[in-house]
Amino acid sequence: MHTAQPPHAPAAAPRPPSAWRPPQLSTRWWPVFLRNLLVWRKLAVPSLIGNIAEPLMWLLAFGYGLGALVGQVQVGGQAVPYILFLASGSICMSAMNAASFEALYSAFSRMHVQKTWDGIMNAPISLDDVVLAEMLWAAFKALFAVTAIMGVMLALGISHSPKLLVAWPVLLCVGIMFSSIALIFNALARGYDFFTYYFTLVLTPMMFLSGVFFPRDQLPPVVHAVSDWLPLTNAVELVRPLFMNQWPAHPLRHALVIAVTTVAAYWVALALTRRRFRA
């Protein structure tokens, strides 16, 4: 007499991969980048005007208006015209704002509203490649904007330092850094209104604490110590001496802060985006 065999227990479903696994990247980010470029070409001129209008108004109003009252400021023991001081800081601020805006509003539209990312991932392109393409695209938009602003500054004679050629790739890295940070908030957002908190509570305080409008020596010691580690501060500390035809005093330290911030922010943004897509 045969005894009934107990039914086999169903095999456990494999655990989904961790959202925090290392990025799995390939060259397939390029078609996504190219797609954004081809779409943007139709609106390139309005986009350029929108990106450079505000920083140029800051530069003209404060640089020439307030600069006439302030005259010169002390930077590293050297007196420099206020408009040069402001221009070298505001161009970093422009890279920050342009990259952040693209990685927030435009990327959110493609990800959530238009569902463009879903359509792209029907092709053999992973979410990791899409996020990388969005990060680099936002950085390119920022570089495009600051290049136009730098051209205006050269035309106005604010600085003719040959070291501005070095500032150009530095500003590209600044755009990459802030686009990575912005993609974190893009992954968390449920609507456009959420981005107001990021601009109001993160970017605006950073603008005033990073030495864009006035020397950081005026800050209280505790605030000054905190501002030393802000991403925008380290960008300004790298770019401003180049406008003054000098080399930064501590380039490795500032570059390391930017590099670590970029890698950490991109990894967090990618993990949160994976969670959102459950990839």
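Visitor: What makes the charged end of Arg 253 sit over the ring of Trp 229?

Guide: A charge sits over a ring if NZ of Lys or CZ of Arg is within 6 Å of the ring centre and within 35 degrees of the ring normal. The charged end of Arg 253 is 4.6 Å from the centre of the Trp 229 ring and counts as sitting over it. Arg 240 does likewise over Phe 85, at 3.7 Å from the ring centre.

This is a predicted model, in which local features need pLDDT of at least 70 and side-chain atom pairs count only at pLDDT 80 or more, while totals for chains, interfaces and linings use all residues. Residues are numbered from 1 along each chain as its sequence is written, and side-chain values use heavy atoms, with hydrogens and water left out.

Visitor: Why is the aromatic pair of Trp 30 and Phe 33 called stacked?

Guide: Rings of Phe, Tyr and Trp (its six-membered ring) pair if their centres lie within 6.5 Å, and planes under 30 degrees apart count as stacked, over 60 as edge-to-face and the rest as tilted. Here the centres are 5.5 Å apart and the planes 20 degrees, so the pair is stacked.

Visitor: Is Phe 33 buried or exposed?

Guide: Buried means under 20% relative accessible area, exposed over 50%, partly exposed in between (1.4 Å probe, protein chains only). Phe 33 has 9%, so it is buried, whereas Trp 30, at 43%, is partly exposed.
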